[in-house]
Amino acid sequence: MTTVQEQGEKRYDQNDHTLKFVNRKDEITGDYDPNILRAEMSCKHAVDPNSLTAWCRSLLDRGQYKFHCPAVKADGQACGQEWPYHEVRKLAVLTREEQLHFEETVAVLAAAEYCEYKSCPGCETFVERSDLSNLSVHCTICTAEKGSVYEFCWQCLKPWKGSGPRSDRCDNEGCTNLELDTLRSCPLINLLDTVVKNCPSIRACPTCGKLLEHNQTGCKNIICSRCQIEFCFACLELTELCQARKPESWFDLCAKGIAPRQTSIPTWNRHSSL
C-alpha cells in the first residue's frame, strides 16, 4: 500500500540502493506510518526527508553549522552524533535552492566561528587577533603610516586607551563586554525536566566561552554548538567530571551544586583543537 504524497512533500526514492530503508518511526518528530519507509542515518536512527530538512534548517537559523542527531536514546540522552554534510545533503533530498542555501550558510557560519577578524578603526583593513585573551590589538598598517605604534580595542573598536594587555576592557568610556553583561543580567530559570532550580538561563561554555541556553528538555547537560564539548549547565563542569562526582545525577542536583553567575568568559585555543 502507498500513501498519497502531498504537493511539495519529499519522499525517498525506494529504488535508491545507496540508502538503507527501515520501517520505523521518524526519530525527529516521532511520527510513525507503517506505509512509509524511512532512511537510516549513519547513527542508525531513522528519519524522514521533510523532518530532516526542517531540523537542519532550524540549526542553521540558530547559528549552528554542524548537524547533530536529536534522537533520544533509551537512556534518555540525546544521540548527538554529528551527521556529515554530504549525508545531510543526500538524505534530506535538498532541492538545488535548498542546497545552495545550506552550503552558503554553513560557509558563512564556519568562517565567523574560526576567524577572529575585525576592521581596524584607523585604516579599515581587516586585522586578525592572535591573542584571544588580549583586547589590545596592534595594526601594522596604521603603525607604518603614522610612524608610531597604533593599537585599537577589539571590544569598542576605538584607539586603545590605558595600559595593556587587558581582557576585560580598555579605558575608553562605554567600553563594555556585552557578553559579560548578558551573563550578569540573564534571568534565573528552572530546568523543567530536572530538579535544578534558580539556575542562570545563559552560560558561557567552560571550554570555548560561547554563550549558550538550555533547550529545557532532557537532562541538565548540554553539548556546545561550537566546540562540541558536553558540560553540565548547572555546575559548569564537564559532564564526565560531574557524573564522576555524583554518578547517575543526570536529572538531580550536582555534587558541587549550582555554579553562580559567571564573571569571566573562558578563552578557547581553537587552533590547537582543530
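The chain has 0 disulfides, counting as a disulfide any pair of cysteine sulfur atoms within 2.5 Å. A disulfide is a covalent bond between the sulfur atoms of two cysteines. This is a predicted model, in which local features need pLDDT of at least 70, side-chain atom pairs count only at pLDDT 80 or more, and totals for chains, interfaces and linings use all residues. Residues are numbered from 1 along each chain as its sequence is written, and side-chain values use heavy atoms, with hydrogens and water left out.

**Cysteines**

- The closest cysteine sulfur to that of Cys56 is in Cys69, 9.9 Å away, so the two are too far apart for a bond.
- Cys56 is buried, with a relative accessible area of 0%. Buried means under 20% relative accessible area, exposed means over 50%, and partly exposed lies in between (1.4 Å probe, protein chains only).
- For Cys139, the closest cysteine sulfur is in Cys123, at 3.7 Å, which is also too far for a bond.
- Cys139 is buried, at 2% relative accessibility.

**Helix α1**

- Helix α1 covers residues 49–61, which makes 13 residues. Helices are DSSP runs of H or I with at least four residues, strands are runs of E with at least two, and both are numbered from the N terminus.
- From first C-alpha to last, α1 reaches 18 Å, close to the 18 Å expected at 1.5 Å a residue. The expected span is 1.5 Å times one less than the number of residues.
- The buried residues of α1 are Pro49, Ser51, Leu52, Thr53, Cys56, Leu59 and Leu60.
- An α-helix has 3.6 residues a turn, so residues three or four places apart point the same way.
- Gly63 follows α1, and its phi is positive, near 85 degrees.

**Aromatic pairs**

- The chain has 4 aromatic pairs. Rings of Phe, Tyr and Trp (its six-membered ring) pair if their centres lie within 6.5 Å; planes under 30 degrees apart count as stacked, over 60 as edge-to-face and the rest as tilted.
- Phe67 is buried at 1% relative accessibility, whereas Tyr85 is partly exposed at 22%.
- Phe152 and Trp154 form a stacked pair, 6.4 Å centre to centre with 25 degrees between the planes.
- Phe152 is buried at 0% relative accessibility, and Trp154 is buried at 5%.
- Ring pairs also link Phe67, Tyr85 and Phe102 into a cluster.

**Thr239**

- Thr239 is found in helix α6 (residues 239–245).
- Thr239 is buried, at 8% relative accessibility.
- Leaving aside neighbours within four places in sequence, Thr239 is in contact (heavy atoms within 4.5 Å) with Asn221, Glu230, Phe231, Cys232 and Trp250.

**The whole chain**

- The chain has 6 helices and 15 strands.
- Of its 274 residues, 38% count as buried.
- Among contacts with a separation of 6 or more, 45% join residues 24 or more positions apart.
- The C-alpha atoms fill a box of roughly 80 × 50 × 30 Å, taken along the principal axes.
- The accessible surface comes to about 15400 Å², and 51% of it belongs to carbon and sulfur atoms. Accessible areas come from the Shrake-Rupley method with a 1.4 Å probe; for residues, only the protein chains shown count as cover.
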